[in-house]
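Please take a moment with the sequence and the structure before reading on. The paragraphs that follow go from single residues to the sheet, the helices and the charged pairs.

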Amino acid sequence: MSEREKILSPSILAADFARLGEQIKEAVEAGAEYIHIDVMDGVFVPSISFGMPVIRTIRKVTDKVFDVHLMIVEPERYVKVFKECGADSITFHLEATEDADETIDLIRSVGCRVGMSIKPRTPVEAVRKYLHKLDMLLVMTVEPGFGGQKYIPESTERVRQVRQMADEMGLDLDIQVDGGITVDNARIVMEAGANVIVAGSAVFGGDITANVKHYLAQF
Ligand code: DX5
Ligand code: ZN
């Protein structure tokens, strides 16, 4: 396995929203470095999650990296406001924008780390021309839209291909995986080249501290 730093980014989509602040604190105290924040608009994906007011509120709870995953159409319309709400890293979907270069530049210009994501059926080749401008590439390992789905096994090979592409280009790229990542398959995706691990139900669906520690034990 490579020397690249491994990071756990618990997805609050699976948290108990009545106790959101408390649960984020618990995940952070157990060792999570990022907090993964799934924003869904009911258009790019069927479901609607939450938006600016929630992010602004939980910003008061921790200084850890807010890893905002935008599952929304025309993400460029909202980059500035998500930055103002407290995003440190903004990931948009290649499939959701007409001008990915412009979106990348915009995220960079507001001072956030830049992430791009692809859905399971988007060819990995599609990201090649953008990779050098990104801090992170998110390879979705389920169809975006809902937590608690099963990992798509073909994702492992896709992660491997993106890591190979990045290595060939000499890039220091974070590769994130999101969807159905459990303590049991985390090692497989890390061996394929992923280093930022998102986990929702596997962290918040039970003993948060114990779950976070199980992931970290594998890093
Ligand atoms: C899915 C979201 C994920 C989701 C992951 O569209 O992007 O971040 O919350 O949840 P689990 O880990 O439960 O699959
Ligand atoms: Zn996500």
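A residue is called buried when its relative accessible area is under 20%, exposed when that area is over 50%, and partly exposed in between. The model shown here is a predicted one, and this scale can be applied to it directly: Glu 157, at 40% relative accessibility, therefore counts as partly exposed, and Arg 160, with a relative accessible area of 40%, is partly exposed as well. These two residues lie in helix H5 (residues 155-168), 3 residues apart, which is about one turn of the helix, and they form a salt bridge in which the closest N and O atoms are 3.2 Å apart.

Other charged pairs can be followed in the same way, and the count of salt bridges comes to 11. Glu 33 is joined to Lys 64 by a salt bridge whose closest N and O atoms are 3.6 Å apart. Because Glu 33 lies in the loop between H1 and S2, while Lys 64 lies in the loop between helix H2 (52-58) and strand S3 (65-71), the pair ties together parts that are 31 residues apart in sequence. Glu 33 is partly exposed at 35% relative accessibility, and Lys 64 is partly exposed at 26%. A salt bridge also links the side chains of Glu 125 and Arg 128, at 2.8 Å from N to O.

Turning to the sheet, 8 strands form an open arrangement with parallel pairing, in the order S1-S8-S7-S6-S5-S4-S3-S2. Strand S1 (7-10) and strand S2 (34-40) stand at the edges, and each has a single partner strand, so one side of each is left without a neighbour in the sheet. From one strand to the next the twist averages 20 degrees. Within this sheet, strand S7 (residues 174-178) and strand S8 (residues 196-199) run parallel and are joined by 2 bridges, and Val 177 stands opposite Ile 197 in S8.

Helix H1 (residues 20-29) packs with helix H8 (residues 208-216) at an angle of about 35 degrees, their axes being 8 Å apart, and the contact is made by Gln 23, Glu 26 and Ala 27 of H1 together with Ile 208, Thr 209 and Val 212 of H8. H4, for its part, lies across S4 and strand S5 (113-118), running at about 150 degrees to S5.

In the loop between strand S4 (89-93) and helix H4 (100-109) is Ala 96, which is buried, with a relative accessible area of 10%. Leaving aside neighbours within four places in sequence, Ala 96 is in contact with Phe 44, Ile 72, Val 73, Glu 74 and Pro 75.

How values were computed
Residues numbered from 1 in each chain as written. Chains lettered and ligands numbered in written order. Predicted model: local features only at pLDDT ≥ 70, side-chain atom pairs only at ≥ 80, totals over all residues. Heavy atoms only, no water. Helix = DSSP H or I, 4+ residues; strand = E, 2+ residues; numbered from the N terminus. Buried < 20%, exposed > 50% of the residue type's maximum accessible area, 1.4 Å probe, protein only. Contact = heavy atoms within 4.5 Å. Axes fitted to C-alpha atoms, helices over the stretch in contact; angles between N-to-C directions. Pairing = 2+ DSSP bridges. Salt bridge = Lys/Arg side-chain N within 4 Å of Asp/Glu carboxyl O.
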